[in-house]
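I am opening the notebook on this structure and writing down, entry by entry, what I looked up and what came back.

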Amino acid sequence: MTSRVFLALVAGASILSGASTSADAQTAGENTRAVPAAGTSNVPNVPEPVTAPTDSARSYDARALRFESSLGNVRIIRGADGQLVGTGGWFRDTELEKLVATSPNALAQARLYEKNNFRGSLVGTVGAVTSVVGLVLTTNSSNSAASPALIIGGVGAVVWGVQHVNMSYSALSRALWWYNRDLPR
Amino acid sequence: MSRLLLALCVGAHLTLGGPAVLTAQDGNYDENALRLEGHNGDVRIVRGAQGTVLARISGFRTTDVAKLVAPSEQAMAEARIFSHDYIPGSWIAGLGIATLGAAIGASRIDDINRAIPAGLTISAAALLIYGGGRLQNAYNALARSIWWYNRDLTK
């Protein structure tokens, strides 16, 4: 009787583990690799269990996004291989909304990124030009009261612009975080 | 017969422990995944959907990022690149700004050799470019480090 119970236990387990293995095989692809598990290698007639990277890790490896910057430009990179999927920067759209469209939270942050990046770029550039004009007027010994006002106003605009560009990068970081979070697992 | 049924159920229950892991992974990412956020000139390493601030990086101060991302080997390797480049990059860029200030000051002195402000300006530009490049490398390595850390959370 005990052996029957044991047999039934094994049968139940093997049927279900068989089902779960075939489900894994649907998604495992060619990366499946056999790894001898500790504690089972000395057991005779027991097939070595096949362990594979989980679906979530595979999906993340292939599809998760990150960003890197280079001379004020943003590069959006996909996956462990580092595939470049978008570039952006001053007044240039990264098309981030399209990239992260599958995740509602990421999409909201992407809109925030694009809004703040455009405003910051615009006001920062206007501020920098205004400051330079003010400096040139001051250097030419102009006694106009406008020169200090231009410099102060310009610096203020640059600070505002940089702050907004900074905020846009935070929104970009959150957008990619949410996108990666919502990758199918 | 009922014993057989019970044993089948126990076998099934033991084997079906797996799907609970997926839920744990979701929670794991929501609670533990890192990202970078900028705030008033500093960069913060933030954890989870709640946005708990774990570390601040600004000026000449940084944190041991390798310790934060410790379970992941590749994340730690990138964190070491960050640590290697960030502090030297900050100092060199800071020196470049100071040299630029000296160049502007020197250029306003009437009877100074013109080669001095020119030399200072060129040095400042070189220091700023080199220091800026090191800082950029550092931040990109930090971004990769966090990517790898989050990737290994999903395993």
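How many helices and strands does the secondary structure of chain A come to? I am working from a predicted model, and in it I find five helices and five strands for chain A. Reading along the sequence, I wrote down the pattern α-β-β-α-β-β-β-α-α-α for this chain.

I then looked up burial and contacts in chain A. Of its 185 residues, 28% count as buried, and among the contacts with a separation of 6 or more, 50% are between residues 24 or more positions apart.

Next I turned to the sheet in chain B, where three strands in the order S1-S2-S3 form an open sheet with antiparallel pairing. Strand S1 (34-39) and strand S3 (52-57) of chain B each have a single partner strand, so at these edges one side of each is left without a neighbour in the sheet. From one strand to the next, I noted a twist that averages 30 degrees. Strand S2 (residues 42-47) of chain B runs antiparallel to S3(B) and is joined to it by five bridges; I also noted that Arg44(B) stands opposite Arg56(B), which lies in S3(B).

My last entry concerns Gly96(B), which I located in helix H4 (residues 73-107) of chain B. Is Gly96(B) buried or exposed? Gly96(B) counts as buried, because I find 20 C-beta neighbours inside 10 Å, and 20 is the number from which a residue is called buried. Leaving aside neighbours within four places in sequence, I listed Ala124(B), Leu127(B), Leu128(B) and Gly131(B) as residues in contact with Gly96(B). I also looked up Ser123(B), 27 residues from Gly96(B) along the chain, and found their C-alpha atoms separated by 7.4 Å.

Definitions and conventions. Residues are numbered from 1 along each chain as its sequence is written. Chains are lettered from A and ligands numbered from 1 in the order in which they are written. This is a predicted model: local features need pLDDT of at least 70, side-chain atom pairs count only at pLDDT 80 or more; totals for chains, interfaces and linings use all residues. Two strands pair if DSSP finds at least two bridges between them. Helices (H or I, at least four residues) and strands (E, at least two) are DSSP runs, numbered from the N terminus. Axes are lines fitted to C-alpha atoms, for helices over the stretch in contact, and angles run from 0 to 180 degrees between N-to-C directions. A residue is buried if 20 or more other C-beta atoms lie within 10 Å of its own, exposed if 12 or fewer, and partly exposed in between; C-beta atoms are placed from the backbone. Two residues are in contact if their C-beta atoms, placed from the backbone, lie within 7 Å.
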